[in-house]
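The sequence and the structure are shown first.

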Amino acid sequence: MSRAVLSIGSNMGDRLAHLREVVDAFAPHLVAVSPVYSTAPWGPVPQEDYLNAVLLVDDPEAGPWDWLRRGRELERAADRVREVRWGARTLDVDVIRCEDGTGAVRSADPELILPHPQARNRAFVLAPWLAADPGAVLEVDGVPEPVRDLLAALAPAERDGVHRTDLPLRQAAS
């Protein structure tokens, strides 16, 4: 069994369509989907605001590397280009946390560090995650911390850049 927390974001092109494509691709494995948030860009590169969300996914056949591979395939399909760190992107899919039958998975591999080392500092990850899973916990320096507490501990300016929207990630059936 593998359950993962995926953070998704887009600030280029049809941002909502990019996020919806991820939701559709992971539909068979979705446990929960957060609302969509409009967020100020994080990092030193000037750019447009992002749309962000968090997906909780579960697949007994998948491991952490499978989640990463699937996310990167979706990024490639959205013509994601990795030229500038923290730069604008059509789609970003990050594996934030992964859990198997024995608990939280840890990885120090530079391609897949788990838990995600910066998640605790990013309101655009924590706020949607908390909305999708009010009891969420993230390991910080080996200690489980409630996501609610991590979000509350962020600077107000970091939290204030994250706004819940009414944009639907799932299209209504016609």
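In this predicted model, the side chain of serine 34 reaches the backbone nitrogen of valine 54 at 2.9 Å. Serine 34 lies in the loop between β2 and β3, and, leaving aside neighbours within four places in sequence, serine 34 is in contact with Ala53, Val54, Pro128, Ala132 and Leu169. Is serine 34 buried or exposed? With a relative accessible area of 4%, serine 34 is buried.

Not counting residues up to four places away in sequence, serine 38 touches Asp49, Tyr50, Leu51, Gly161, Val162, His163 and Thr165.

| Residue | Location | Relative accessible area |
|---|---|---|
| Serine 34 | loop between β2 and β3 | 4% |

Strand β1 is mostly covered, with eight of its nine residues buried. On one side of the pairing pattern, β1 and β5 run antiparallel and are joined by eight bridges, and here serine 7 stands opposite aspartate 94 in β5. β1 also pairs with β4 in the antiparallel sense, over eight bridges, where the partner of isoleucine 8 is alanine 53 in β4.

Helix α1 (residues 15-26) has 12 residues and reaches 17 Å from its first C-alpha to its last, close to the 16 Å expected at 1.5 Å a residue. Its buried residues are Leu16, His18, Leu19, Arg20, Val22, Val23 and Phe26, and they pack against β1, β2, β4, α2 and β5.

In soluble globular proteins, nonpolar side chains tend to be buried together. Here, the largest nonpolar core has 27 residues, and those with the most contacts inside it are Leu6, Val22, Phe26, Leu55, Val57 and Trp67. Two or more residues of this core come from each of β1, α1, β4, α2, β5 and β8, with α1 giving the most, five residues. Valine 22 touches Ile8, Leu55, Leu74, Leu91 and Val93, again without counting residues up to four places away in sequence.

Methods. Residues are numbered from 1 along each chain as its sequence is written. This is a predicted model: local features need pLDDT of at least 70, side-chain atom pairs count only at pLDDT 80 or more; totals for chains, interfaces and linings use all residues. Side-chain values use heavy atoms; hydrogens and water are left out. Contact means heavy atoms within 4.5 Å. The expected span of a helix is 1.5 Å times one less than its number of residues. Buried means under 20% relative accessible area, exposed over 50%, partly exposed in between (1.4 Å probe, protein chains only). A polar contact is a pair of N or O atoms within 3.5 Å; within protein, one must be able to donate a hydrogen and the other to accept it, and residues adjacent in sequence count only if both atoms are side-chain atoms. Two strands pair if DSSP finds at least two bridges between them. A nonpolar core is a set of buried Ala, Val, Leu, Ile, Met, Phe, Trp, Tyr and Cys residues joined through side-chain atoms within 4.5 Å.
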